[in-house]
Each structure stands twice: as C-alpha cells, then as structure tokens.
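Please look through the structure below slowly, from one end of the chain to the other, before reading on. The paragraphs that follow take up the sheet, the loops, the charged pairs and the helices in turn.

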Amino acid sequence: MNKDQILALFDRYCKKLRITPAWDIKLEFVDDASFNKTGDFKIDCDDRKAILLLNIADPKQENLEEVIVHELMHIKMYPLDQITESLIQNCFEEGSAAGNFAYQQFFTALEQTVEELAKCFLLEFGENKDFSFGRCSRTKSFNDLFDGLRNIE
C-alpha cells in the first residue's frame, strides 16, 4: 500500500468515524526504524487537534488500515480515557500498588475495547478485513513459555 492509498483510507475513516470536521487531524508517516509502534498519536484535546503517527519504516502490524481505525478509535475514546485517568490520579496515591494496579487494569481494558471496536468497524467497512497478527508472531508459543518447567508430581 502506498502513501496516497494510506492517506485516502485515513481521510475516509476520519469522516466515517465523524472525527472531522470536529477535530483538526493529520497523518504523519514515521520513517524511523527506532519507532517501536506501528501507530500512535499526539493530541491536544483542548484545541481538538491530533496527529496520527504511522510507522512506515518497520510496522509491527500487517494491516495498516486496521492500525488507522484503531488509532482513530483512541481519539473517539479520548474524553473517557482522560476522565478515567484523572479519577485514578485523584483516588490513589502516586506510585502506590493500588494506583499502579488501577492504571494497569484501565489501560488494558481501554486497549482491548479500542481494538474490539476497531475490528468491528473494519469488518463492516474495511477494504482489508484481514486482522494483523504481528504481535502474536513475535511472542513465544504456549508450549515455549512452559518448556523446561518440571512436573510437580
């Protein structure tokens, strides 16, 4: 997929998700092998501006359309993200075990929810409905994780 095709998908999903015209948003290609994510964003919620960063040097996911939808879903969820994060900060002492646990659980649930919404949206509207398995391909198998453990019987 070339940059023009990616930009066309980005524009299409910004409109379909009703991000524009309410937000000023642009896509920037990251051509830096040290960028360790496939997609990320910078956001100024007060000014309703965002920049979606898309790794084209070394993407970790195969389906860039899925990545674009996923990152745009983060923008849709951003107000809820900020409210929840503020609640955690105000209810737990910084660095406490309970606060760290709350953050971990919140961000895990947020990421899972955003990814599930992105998958649903992609299945309905996507040109490429094949999900990326990039992270799975780089992790150990279930058997590899338990290789070498002794039976306790």
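Two strands are said to pair if DSSP finds at least two bridges between them, and the elements themselves are DSSP runs, numbered from the N terminus, with helices (H or I) of at least four residues and strands (E) of at least two. The model is a predicted one, in which local features need pLDDT of at least 70 and side-chain atom pairs count only at pLDDT 80 or more, while totals for chains, interfaces and linings use all residues. Residues are numbered from 1 along each chain as its sequence is written, and side-chain values use heavy atoms, with hydrogens and water left out.

The protein chain contains five helices and three strands, and from the N terminus on these elements follow the order α-β-β-β-α-α-α-α. Of its 153 residues, 34% count as buried, where buried means under 20% relative accessible area, exposed means over 50%, and partly exposed lies in between, as found with a 1.4 Å probe on protein chains only.

Let us begin with the sheet. Strands of a sheet pair through backbone hydrogen bonds, either parallel or antiparallel. Here three strands form an open sheet in the order E1-E3-E2, and the pairing is mixed. The edge strands are E1 (24-30) and E2, each of which pairs on one side only. Neighbouring strands of this sheet are turned by 20° against each other on average, with direction ignored; for such angles, axes are lines fitted to C-alpha atoms (for helices over the stretch in contact), and the angles between N-to-C directions run from 0 to 180 degrees.

How many bridges join E1 to E3? There are seven of them, and the two strands run parallel. Strand E2 (residues 39-44) and strand E3 (residues 49-55), by contrast, pair in the antiparallel sense over six bridges.

The loops deserve attention next. Most residues other than glycine have a negative phi, and most peptide bonds are trans. Arg-48 lies in the loop between E2 and E3, in a hairpin with four residues between the strands, and takes a positive phi near 55°; at 38% relative accessibility, Arg-48 counts as partly exposed. Arg-18, in the loop between H1 and E1, has a positive phi of about 60° although it is not a glycine, and with a relative accessible area of 67% Arg-18 is exposed. Ile-19 lies in the loop between H1 and E1, but Ile-19 is buried, with a relative accessible area of 1%. The C-alpha atom of Ile-19 is separated by 7.9 Å from that of Leu-72, although the two residues are 53 residues apart along the chain. Pro-21 is also found in the loop between H1 and E1, and the peptide bond that leads from Thr-20 to Pro-21 is cis, with omega near 15°.

Now turn to the charged side chains. Side chains of opposite charge can pair when their charged atoms come close. A salt bridge is counted where a side-chain nitrogen of Lys or Arg lies within 4 Å of a carboxyl oxygen of Asp or Glu, and a search of the whole structure finds seven. One of them joins Arg-12 and Glu-65, at 3.9 Å from N to O. Because Arg-12 lies in helix H1 (residues 3-16) and Glu-65 in helix H2, this pair ties together parts that are 53 residues apart in sequence. Arg-12 is partly exposed, at 27%, whereas Glu-65 is buried, with a relative accessible area of 0%. Arg-12, Glu-65 and Glu-127 are linked in a network of salt bridges. Asp-40 forms a salt bridge with Lys-37, their closest N and O atoms being 3.6 Å apart, and in the salt bridge of Asp-47 with Lys-49 the closest N and O atoms are 3.1 Å apart.

Finally, consider a pair of helices. Helix H2 (residues 64-91) and helix H3 (residues 97-125) pack at an angle of about 150°, with their axes 8 Å apart. H2 and H3 are therefore roughly antiparallel to each other, a term that applies to angles over 145 degrees, while angles under 35 count as roughly parallel, 65 to 115 as roughly perpendicular and the rest as oblique.
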